[in-house]
Amino acid sequence: MLWWHMMSVTVSFFAGPASGRNLIQINRKTVMGITKIESYDVITVGSTHLMFIAMCGERFDWERGWEFA
């Protein structure tokens with residue numbers, strides 16, 4: 001099982017293991033606790049590979065829309 005969270009104030013994303021039998025890997029490194037993730041990081045849970053793509057960031061969030069610098 002995978003746990004993830006977004007910190008909206010800093011626009012940071014975190015992932016880590018939750019309850020379950022499979023180890024979690026981020027970019028082929030086993031993680032034992034909460035780890036900061038970036039766009040294009042590959043998260044592996046068992047035989048499943050997921051690529052993380054942030055759908056919000058410094059220039060866009062779903063509440064305010066586009067904000068160009």
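How much accessible surface does the protein have, and what share belongs to carbon and sulfur atoms? It comes to about 5,600 Å², with 58% belonging to carbon and sulfur atoms (areas use the Shrake-Rupley method with a 1.4 Å probe, and for residues only the protein chains shown count as cover).

Before you click around: this is a predicted model, where local features need pLDDT of at least 70 and side-chain atom pairs count only at pLDDT 80 or more, while totals for chains, interfaces and linings use all residues. Residues are numbered from 1 along each chain as its sequence is written, and side-chain values use heavy atoms, with hydrogens and water left out.

**Stop 1: the whole chain.** Switch to cartoon view. You'll find nine strands and zero helices (DSSP runs numbered from the N terminus: strands, E, of at least two residues; helices, H or I, of at least four). Of the 69 residues, 25% count as buried (under 20% relative accessible area; exposed is over 50%, partly exposed in between, with a 1.4 Å probe and protein chains only).

**Stop 2: the core.** Select Phe 13, Ala 15, Ile 24, Ile 26, Val 31, Ile 37, Ile 43, Val 45, Phe 52 and Cys 56: these ten are the largest nonpolar core (buried Ala, Val, Leu, Ile, Met, Phe, Trp, Tyr and Cys residues joined through side-chain atoms within 4.5 Å). Strands E2 (12-17), E3 (24-26) and E6 (42-45) each supply at least two of its residues. Now pick out Val 31, which touches Pro 17, Ile 24 and Ile 26, leaving aside residues up to four places away in sequence (touching, or contact, means heavy atoms within 4.5 Å).

Stop 3: Colour E6 and E7. They pair in the antiparallel sense over four bridges (pairing takes at least two DSSP bridges). Val 42 has Met 51 in E7 as its bridge partner. Two residues lie between the strands of this hairpin, and Gly 46 in the turn has a positive phi of about 60°.

**Stop 4: the surface patch.** Show Tyr 40, Met 51, Ile 53, Met 55 and Trp 62, a nonpolar patch with about 650 Å² of accessible area together (nonpolar side chains, Val, Leu, Ile, Met, Phe, Trp or Tyr, joined within 5 Å, from residues with over 30% relative accessible area and no salt bridge). Met 55 sits in the loop between E7 (48-51) and E8 (60-61) and is exposed at 56%.

Stop 5: Finish on Lys 36 and Glu 38, whose closest N and O atoms are 4.0 Å apart (the rule: a side-chain nitrogen of Lys or Arg within 4 Å of a carboxyl oxygen of Asp or Glu). Lys 36 is partly exposed at 46% relative accessible area, and Glu 38 is partly exposed at 45%.

Note on methods: Patches are made of residues with over 30% relative accessible area and no salt bridge: like charges are joined within 9 Å, nonpolar side chains (Val, Leu, Ile, Met, Phe, Trp, Tyr) within 5 Å.
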